[in-house]
Amino acid sequence: MNVCVVGGGPAGMMAAITAAQNGNKVTLIEQNDKLGKKLFLTGKGRCNITNACPVEELFDNIVTNKKFLYSAFYDYDNSETVSFFNSLGLKTKVERGERVFPVSDHSSDVIKVLKNRLEQLGVRIMCGTRVTDLMIENHGTGDHITGVIISGGKDPGINADAVILALGGQSYPLTGSDGSGFAKLEKLGLKVNRREPSLVPFSCRDRLITDMQGLALKNVSVEVKKAKKVLYTGFGEMLFTHFGISGPLILSASSYVKEDDYKDGITVTVDLKPALSDEELDARILRDFEEGQNRDFGNSLNKLLPSKMITAVIKRSGIDPAKKVNLVTRQERKRLCEVLKGFVIEIDGNRGFDEAIITRGGVATSEIDPSTMECKKIKGLYFAGEMIDVDALTGGFNLQIAWSTGHLSGQCRMK
Ligand SMILES: Cc1cc2nc3c(=O)[nH]c(=O)nc-3n(C[C@H](O)[C@H](O)[C@H](O)COP(=O)(O)OP(=O)(O)OC[C@H]3O[C@@H](n4cnc5c(N)ncnc54)[C@H](O)[C@@H]3O)c2cc1C
């Protein structure tokens, strides 16, 4: 078969390699002048290729439409991803949280081995070429793909028996995945779910919060609520920035907050001392107070809190910072404990696609056969990667989605 893969990201490269390994004649089309522009940025330039957890745990880290991924993950799981890269000569290592990285710590090495493999298999790579439309015919047996139209060039049409779309989502649009392909698919009558930024920092207007920029908190727990409804609880690390809050815990939390939720008011409540009960925390504060009985309250929290946080906690506690600690009442201590165990941050939105690690939404899973990745309405058309309405938490799981769906779609199984 002639197979045309559109999108030279991880999903597209994996699809092209698989299709070529199966003996097909493969063309890979990428609009950028090189392959894997987003892949290059992954894992802060180190590329967290996948996660070495047991395969069942992969599903626990999928936020949207996990059942859709059963066939893809069981067809090609995380251990196969690691074996594949190792077989290409890329040595890998496992770090904290079972995150898998190249030993070299360079995402460019991941791209290099994929490109080498594509070339070795004789895949025709067309960079700097944009697909503008799909060629579809109907001979009374339903719609069939017949090829793609490309922009400019002498050869505006490329015929194909199968076309695999791996166009990515809409996040980090400068890397090429700008979401422009979705409108075309909607015109063809396919359901495409609303795209929203996910794994994205939260913004916040409160100066008390933005004044803490640069502060990283480890081992805190957060509860994210829409009005009274709890959307997310988690434990880990967060970061204060000039615009609001970020860090691994906050990025994960954002996966559970929809764009419409912000209208109802989102709050992030941080427990700054999750290891201590209210009583233990009060006893700890009393101990600190006793050690410096004549100290002002404003100078008594440096053992308990990082310095950047002290002003905010004092303000929220309502206790006069000039008050001597031996005059702080039990009631005031109770209020202080409440602030420490429930430091509330009001969120007014997120930082949008420009700063979102991934896109939630995309081609509806109801349009795709999960056992082949083929489009149910247009025969010979396949989807792979982030453009499908599936998304995962951080830890290598989003790339595993790309590898698994890329591999399954690359088999071009037709039903
Ligand atoms: C900063 C950052 C760090 C990340 N780190 C990690 C990580 O460490 N681990 C992890 O698991 N995930 C990570 N991710 C997520 C991961 O990068 C994506 O989930 C993954 O790249 C999706 O792969 P994809 O092939 O589906 O799409 P993409 O990588 O977006 O590739 C799609 C490609 O299609 C091309 N294209 C689009 N339209 C056309 C067209 N019409 N014609 C031709 N070409 C077209 C685009 O130019 C693009 O190159 C990170 C994301 C970001 C932004």
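Which residue in E2 is the bridge partner of Val6? Hi everyone, let's work towards that one together. Before we start, this is a predicted model, where local features need pLDDT of at least 70, side-chain atom pairs count only at pLDDT 80 or more, and totals for chains, interfaces and linings use all residues. Residues are numbered from 1 along each chain as its sequence is written.

Let's begin with strand E1, residues 2-6. Helices (H or I, at least four residues) and strands (E, at least two) are DSSP runs, numbered from the N terminus. In E1, 4 of the 5 residues are buried, so the strand is largely enclosed by the rest of the structure. Buried here means 20 or more other C-beta atoms within 10 Å of a residue's own, with C-beta atoms placed from the backbone.

Two strands count as paired if DSSP finds at least two bridges between them. And here is our answer: Val6 has Ile29 as its bridge partner in E2. E1 also pairs with strand E11, residues 162-165, again in the parallel sense, over 4 bridges. There, Cys4 is partnered with Val163.

Now please look at Glu196, which sits in strand E12, residues 192-198. Is Glu196 buried or exposed? Glu196 is buried, because 22 other C-beta atoms lie within 10 Å. Leaving out residues up to four places away in sequence, Glu196 touches Lys258, Glu259, Arg360 and Gly361; a contact means C-beta atoms, placed from the backbone, within 7 Å. Ala356 is 160 residues from Glu196 in sequence, yet their C-alpha atoms are 9.0 Å apart in space.

On to a helix pair. H11 (residues 307-317) packs against H12 (residues 330-341) at an angle of about 130 degrees, with the axes 9 Å apart. Axes are lines fitted to C-alpha atoms, for helices over the stretch in contact, and angles run from 0 to 180 degrees between N-to-C directions. H11 and H12 are therefore oblique to each other, since angles under 35 degrees count as roughly parallel, over 145 as roughly antiparallel, 65 to 115 as roughly perpendicular and the rest as oblique. Val313, Arg316 and Ser317 of H11 meet Arg335, Leu336, Val339 and Leu340 of H12.

Last stop: an open sheet of 3 strands, ordered E3-E6-E5, with antiparallel pairing. Its edge strands are E3 (50-51) and E5 (92-95), each pairing on one side only. E5 joins E6 (residues 99-102) over 4 bridges, and Thr92 has Pro102 as its partner in E6.

Methods
A residue is buried if 20 or more other C-beta atoms lie within 10 Å of its own, exposed if 12 or fewer, and partly exposed in between; C-beta atoms are placed from the backbone. Two residues are in contact if their C-beta atoms, placed from the backbone, lie within 7 Å.
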